[in-house]
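Take a look at the fold shown here. This report walks through its parts one at a time.

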Amino acid sequence: MSNKNEASKEKVLAIAAGHEITEAELNNLVANYPPEQQIYLSNPKAKDELLDQLISFHLFAKMAEEEKIRETEAYQTMIEKMQVELASHMAATSVVEHITVSLEEEKAFYEENRAQFVQGPKVSAKHILVDTEELARKAAEEIAAGKAFEDAAKEYSTCPSKDRGGELGYFTTGQMVPEFEKAAFEAEIGKVVGPIQTQFGYHLILVGDKKERTEVSFEQVQEQIHNQLIQSRQQKAYSEKVEELAGKYGVEKKI
């Protein structure tokens, strides 16, 4: 006897050209999309649009059947091309799919390239961005008189960060425009600086924290190292195999 979940999976959502489109078929289609798109497709309207696509698919499939498209020369040519492409892809994949990297090799790479895994100094700051120096000074005076920086940001700032009280989070050198970056890195923690003029307008800056140059631990970059080594070895194996096959089967460029 089928349980409730199995019954739900077999729920028929539509019938197109005699084909029953089940909830399971629709869910399987959704599962083929990237995770971020799956979130969007989970809402009823998007699912209904996807159901319409499935209906169209089965209607055209029926049309193709009646018009005997599979028996045409164009169809057979396309199938042969797809078969060659798939076989070539599978052959190339077989060359690189078994390549692995050991933990010891990852650690050795980390030790040999420690200079790569260093984070530069960074600061955490809030800011208020306005169009005129006069308005920036007005906001600064209100903050000096006791108004919370966050409240002033919500009232005066034109930057989207105003909704977070001007919070920008941590940033390192090279991430902000030069004038803003220089002021932020030189600012005293907890002291409002500005107005600072940049191409965007006039800023008031409040630095909340500073972190010195630090070395990133192996654990923090292990996945990055693993992927880097795997990709490097796969590329090497692929190139060597191409050279081997060229010698075996022959290659003659005409350009």
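Leu 54 sits in helix H4. This is a predicted model. Is Leu 54 buried or exposed? Leu 54 has a relative accessibility of 8%, so it counts as buried. Setting aside residues up to four places away in sequence, Leu 54 touches Ile 21, Glu 25, Leu 26 and Leu 29.

Leu 54 can also be placed relative to Glu 181. The two are 127 residues apart in sequence. In space, their C-alpha atoms are 52 Å apart.

Which residues does His 58 contact, leaving aside neighbours within four places in sequence? They are Ala 16, Ala 17, His 19, Ile 21 and Glu 25.

An α-helix has 3.6 residues a turn, so residues three or four places apart point the same way.

## Where H2 meets H4

Helix H2 covers residues 23–31, and helix H4 covers residues 44–66. Their axes come within 10 Å. They cross at roughly 105°. That angle makes H2 roughly perpendicular to H4.

Which residues make this contact? From H2 come Glu 25, Leu 26, Asn 27, Leu 29 and Val 30. From H4 come Lys 47, Leu 50, Leu 51, Leu 54 and His 58. The contact residues divide into six nonpolar, two polar and two charged.

Strand S1 spans residues 12–16, and strand S2 spans residues 19–22. They pair in the antiparallel sense over four bridges. S1 and S2 form a hairpin, with two residues between them.

Ala 17 lies in the loop between S1 and S2. Its phi is positive, near 55°, although Ala 17 is not a glycine. With 41% relative accessibility, Ala 17 counts as partly exposed.

## Backbone angles to notice

Most residues other than glycine have a negative phi, and most peptide bonds are trans. Lys 68 is a non-glycine residue with a positive phi of about 55°. Lys 68 lies in the loop between H4 and H5. With a relative accessibility of 47%, Lys 68 counts as partly exposed.

Now turn to a peptide bond. The one from Gly 194 to Pro 195 is cis, with omega near 10°. Pro 195 belongs to strand S6.

Strand S4 covers residues 122–130. S4 and S5 pair in the antiparallel sense over five bridges. Val 123 stands opposite Phe 171 in S5. Strands of a sheet pair through backbone hydrogen bonds, either parallel or antiparallel.

## Helices on the sheet

Helix H9 covers residues 178–186. Which residues of H9 are buried? They are Phe 180, Glu 181, Ala 183 and Ala 184. The buried residues of H9 pack against S4, S5, S6 and S7.

## How confident is the model?

The protein chain averages a pLDDT of 90, and 96% of the residues score at least 70. Confidence is highest in helix H5 (residues 73–96), at a mean of 96. It is lowest in helix H1 (residues 4–9), at a mean of 46.

Over residues 1–8, pLDDT stays under 50. For residues 1–8, the model has one contact beyond four places in sequence. Where pLDDT is low, the predicted coordinates should not be read in detail.

Conventions: Residues numbered from 1 in each chain as written. Predicted model: local features only at pLDDT ≥ 70, side-chain atom pairs only at ≥ 80, totals over all residues. Heavy atoms only, no water. Axes fitted to C-alpha atoms, helices over the stretch in contact; angles between N-to-C directions. Parallel < 35°, antiparallel > 145°, perpendicular 65-115°, else oblique. Contact = heavy atoms within 4.5 Å. Nonpolar A, V, L, I, M, F, W, Y, C, P; charged D, E, K, R; others polar. Pairing = 2+ DSSP bridges. Buried < 20%, exposed > 50% of the residue type's maximum accessible area, 1.4 Å probe, protein only. pLDDT = per-residue confidence, 0-100.
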